[in-house]
Structures are given as C-alpha cells and as structure tokens.
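Reader: I would like to go through the terms used for this model one by one, and to see each value set against its definition.

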Amino acid sequence: MMNINQACAVVAKLRPKDSLLVATMGAMFAFDRIELEAASGDASLRPPGRISSVPLMGGAAGLGLGLALAMPERAVVVVDGDASLMLELGGLVTVATARPEHFLHIVIRNGTQFSGLGNLVTVQPKLSFAGMAKEAGYVHTEVIDSAETWALRFPQILNNSGPTFVELNVEQLPLRTAPGFELPEMPDLQFSRMSQELAALQNWLGTRS
Amino acid sequence: MSSVNLQEFSIPASACLEAMARNRVDHVVTVPDWVQLALHQKIEAGVPGVRLVPCCSENQVITVAAGLTLGGKRPLLMMQNQGLYNCMNTLRAVCLDAQVPLVFMVGQFGREYSNLGKPSTDSRRTMVRILEPLLKVINVPFLSLDSEKNLYRMDEAFALAHAQRTAVVLVVSAPMAWR
C-alpha cells in the first residue's frame with residue numbers, strides 16, 4: 001500500500017502544466033509539502049492551477065466539475081478524501097450525469113478521519129468507492145494499491161475519455177496524539193487560503209471579473 | 001381560502017428567461033424548486049445558450065457554480081428555501097470566505113397565498129418566515145421578486161454580486177406562471 005505523499009507526488013509530478021487540480025485537506029497538505037520541496041522552499045515558484053476546498057469537506061468534486069464544464073479542453077484532477085466524499089456521495093451522480101470528458105476524480109482512501117490526530121474510523125469500512133462511481137455512471141473506474149502501479153497508470157488514465165474515477169488505497173498516518181498532547185490553534189491561513197487560491201487561479205486563467 | 005389574486009404575484013417563466021438572457025446567464029445549476037417549476041420546465045425543454053446542470057444536493061449546486069464562475073461562466077443557481085438552509089456551510093465557504101460572486105434564485109416554498117404582498121416574516125410557517133432574517137444575519141444581500149415588474153432586480157443582483165464579490169439571493173415569492 002502507498003502513503004499519501006506517494007499518491008500525491010505522482011499527481012504533482014505528472015499532471016499537465018495547464019491542468020487544474022482541486023484537493024481536499026489531507027491531500028492539500030501533501031501537495032503543499034511536495035510542491036515546496038520541488039521549488040526548493042520558494043513558495044512563489046509553486047506551479048499554478050491548484051485550489052483547495054478548505055475548510056469545506058465534500059466540495060472538491062463540485063468545484064472540479066464546474067471548472068471542467070467551463071473549460072472542457074483542460075484536464076481537471078480532483079483529489080478527494082474518503083470522509084469528504086461520503087459527505088457528498090450524490091456528487092458521483094452529479095458528475096456522471098454531466099459527463100465531463102477530461103475529468104479525473106481520485107479518492108484517497110485511508111479509512112480515517114482527522115488522519116494522524118484522531119484516526120477516527122470513517123463510516124464506510126466495506127464500501128467500494130470505485131464500484132459506486134461505476135454504478136453512478138463514471139466511464140472508467142479502478143482501484144490501485146501500489147505507488148508503482150499508480151505512477152505507471154496515471155499518464156494512461158489522464159488520456160481516458162472520462163469521467164474517470166480512481167480509488168487509491170493509502171496507509172493511515174501514524175497517530176501523533178497521546179496524553180499531554182495539545183491541539184495547535186488553527187492558523188488564519190486555513191480560513192483565507194481558499195479565497196487567495198481562487199483569486200490566483202482566476203488571474204492565471206484570465207477569468208477574474 | 002385566500003382572496004389573493006395569485007396572477008398579480010406570479011412571474012411568467014418566459015419573462016424570467018428574458019432576464020436571464022439579458023444577464024448573459026449561460027448555465028443553470030439547480031436542485032429543482034416547486035415555486036419555480038414553470039421555469040424549470042422551460043429550461044429542461046431547452047434554452048439556446050443555457051446549459052442545465054442538475055445536482056443531487058444544494059451544496060453541489062454552489063460548488064459547481066463556483067467552478068463555472070472560476071472558469072469564466074455566468075451561472076444562475078436555482079433552489080428553494082429549504083435547499084438554501086441545507087447548504088449554509090458551503091455558502092459560507094464559497095461566497096463569504098472565498099468571495100465567489102453567485103446569484104441565487106430561491107423560491108419561498110410553503111408561503112401562504114394570504115401572505116403575498118405582506119412581509120414574509122409575518123408568515124405562520126418557519127420555512128418562509130426565517131429566510132430573510134437568516135440572510136441578514138449572515139450578511140448576504142437579497143432582493144425580492146414579487147412580480148414581473150421586479151425582474152430588473154436580476155440585473156441588480158448580478159451587478160451587486162460581482163461588485164461586492166458575494167452571494168446575492170433573489171427571493172421568488174409566488175409560484176411562477178406557465179407562460
């Protein structure tokens with residue numbers, strides 16, 4: 001099984017430069033780390049085209065769908081979390097009904113909520129997300145367990161005429177909490193970054209009114 | 001029985017389509033609304049230049065419309081009052097925190113005909129009564145569509161939403177007319 005950094009590194013490294021990437025919380029932090037490292041710590045050199053659905057669990061697929069309908073020539077990659085997807089499971093039907101062609105919907109399945117902090121068990125221990133996506137009407141669906149297979153398949157999957165859904169089985173993060181642990185205060189950035197990222201995306205796309 | 005003349009308050013769906021065209025609406029993103037049923041039927045039958053995007057929840061209506069807006073489109077969101085109550089957190093995230101300008105048409109489902117022409121806050125039904133106070137509390141501007149002559153407010157709503165980078169709600173008071 002792969003870890004979340006491996007899962008997201010494949011996307012960060014191999015997605016087309018003009019593609020659009022929408023991520024939820026756990027993936028968002030992984031992309032932050034991966035992109036910053038690739039830019040040698042210079043945040044201004046991060047690649048454009050990524051936005052986060054934060055703090056908004058369940059919103060990533062909808063944001064990605066809207067972008068895909070507005071800009072059908074661009075690849076749109078959504079990196080969802082399993083608990084986030086459960087909040088808007090009907091979104092699978094919404095996406096499949098709209099049938100965006102260059103739309104790749106990835107779910108990071110680690111079976112936990114508040115990964116690394118609480119590792120609370122999500123409410124879907126036996127459901128197949130890929131199976132539900134297929135039933136909803138996604139054109140291609142698959143389940144991938146290893147980082148090697150994922151790196152091999154990602155460029156091929158991007159060439160699909162979609163929508164496409166990929167369920168990535170990912171390791172849980174090790175639990176960091178213990179007696180005496182104190183949760184850090186949420187930084188302001190958590191509440192302002194969506195606004196900043198959306199504005200930056202519109203400036204990049206030339207669509208800001 | 002109410003003695004209210006419903007025709008006085010019913011907006012013709014065709015007039016609403018004209019207002020949408022004037023405002024360059026290119027997508028309607030929706031969970032359907034009983035109050036706006038006549039308009040839904042016309043859109044579902046096909047309107048040149050307007051793509052209908054049906055969603056499974058009002059949260060998706062907002063996020064899909066936000067994505068469309070980021071991509072340079074002009075969506076109109078349609079839902080009913082209880083749908084708006086359902087998507088408060090998404091509205092908070094997308095329109096208040098992330099400042100995506102969106103225009104909603106929200107039907108006052110359940111409004112007594114005897115309440116038409118009076119403040120909706122006088123309604124005996126919670127569903128109807130709390131809509132405008134709720135929007136005031138969360139600082140979302142709203143404009144009433146009480147009759148056909150109010151449709152110029154759609155133009156105001158788009159202008160206001162984009163000028164202030166926020167949500168603006170057009171409150172549809174009475175069932176739309178099938179003409």
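Reader: Which residues does Ala70(A) touch, not counting residues up to four places away in sequence?

Author: Ala70(A) touches Gly67(B), Leu68(B), Gly71(B), Gly72(B) and Lys73(B), with residues up to four places away in sequence left out; contact here is defined by C-beta atoms, placed from the backbone, that lie within 7 Å. This is a predicted model, in which local features need pLDDT of at least 70, side-chain atom pairs count only at pLDDT 80 or more, and totals for chains, interfaces and linings use all residues. Residues are numbered from 1 along each chain as its sequence is written, while chains are lettered from A and ligands numbered from 1 in the order in which they are written.

Reader: Why is Ala70(A) called buried?

Author: A residue is buried if 20 or more other C-beta atoms lie within 10 Å of its own, exposed if 12 or fewer, and partly exposed in between; Ala70(A) has 24 other C-beta atoms within 10 Å and is therefore buried. Ala70(A) is found in helix α3 of chain A, where helices are DSSP runs (H or I, at least four residues) numbered from the N terminus.

Reader: What makes α3(A) mostly covered?

Author: Eleven of the eleven residues of α3(A) are buried, among them Gly62(A), Leu65(A) and Leu69(A).

Reader: Why is α3(A) called roughly parallel to α5(A)?

Author: The axes of α3(A) and α5(A), which come within 10 Å, cross at roughly 10°. Angles under 35 degrees count as roughly parallel, over 145 as roughly antiparallel, 65 to 115 as roughly perpendicular and the rest as oblique, so α3(A) is roughly parallel to α5(A). The contact is made by Ala61(A), Gly62(A), Leu65(A) and Leu69(A) on α3(A), and by Gly91(A), Thr94(A), Val95(A) and Ala98(A) on α5(A).

Reader: How do the residues of the side of chain A that touches chain B divide?

Author: In the interface, 29 residues of chain A are in contact with 24 residues of chain B, and α3(A) gives the most to the side of chain A that touches chain B, with eight residues. The residues of that side divide into 15 nonpolar, 13 polar and one charged, where Ala, Val, Leu, Ile, Met, Phe, Trp, Tyr, Cys and Pro count as nonpolar, Asp, Glu, Lys and Arg as charged, and the others, Gly among them, as polar.

Reader: What ipTM and pTM does the predictor give the complex?

Author: The predictor gives the complex an ipTM of 0.96 and a pTM of 0.97.

Definitions and conventions
Two residues are in contact if their C-beta atoms, placed from the backbone, lie within 7 Å. Helices (H or I, at least four residues) and strands (E, at least two) are DSSP runs, numbered from the N terminus. Axes are lines fitted to C-alpha atoms, for helices over the stretch in contact, and angles run from 0 to 180 degrees between N-to-C directions.
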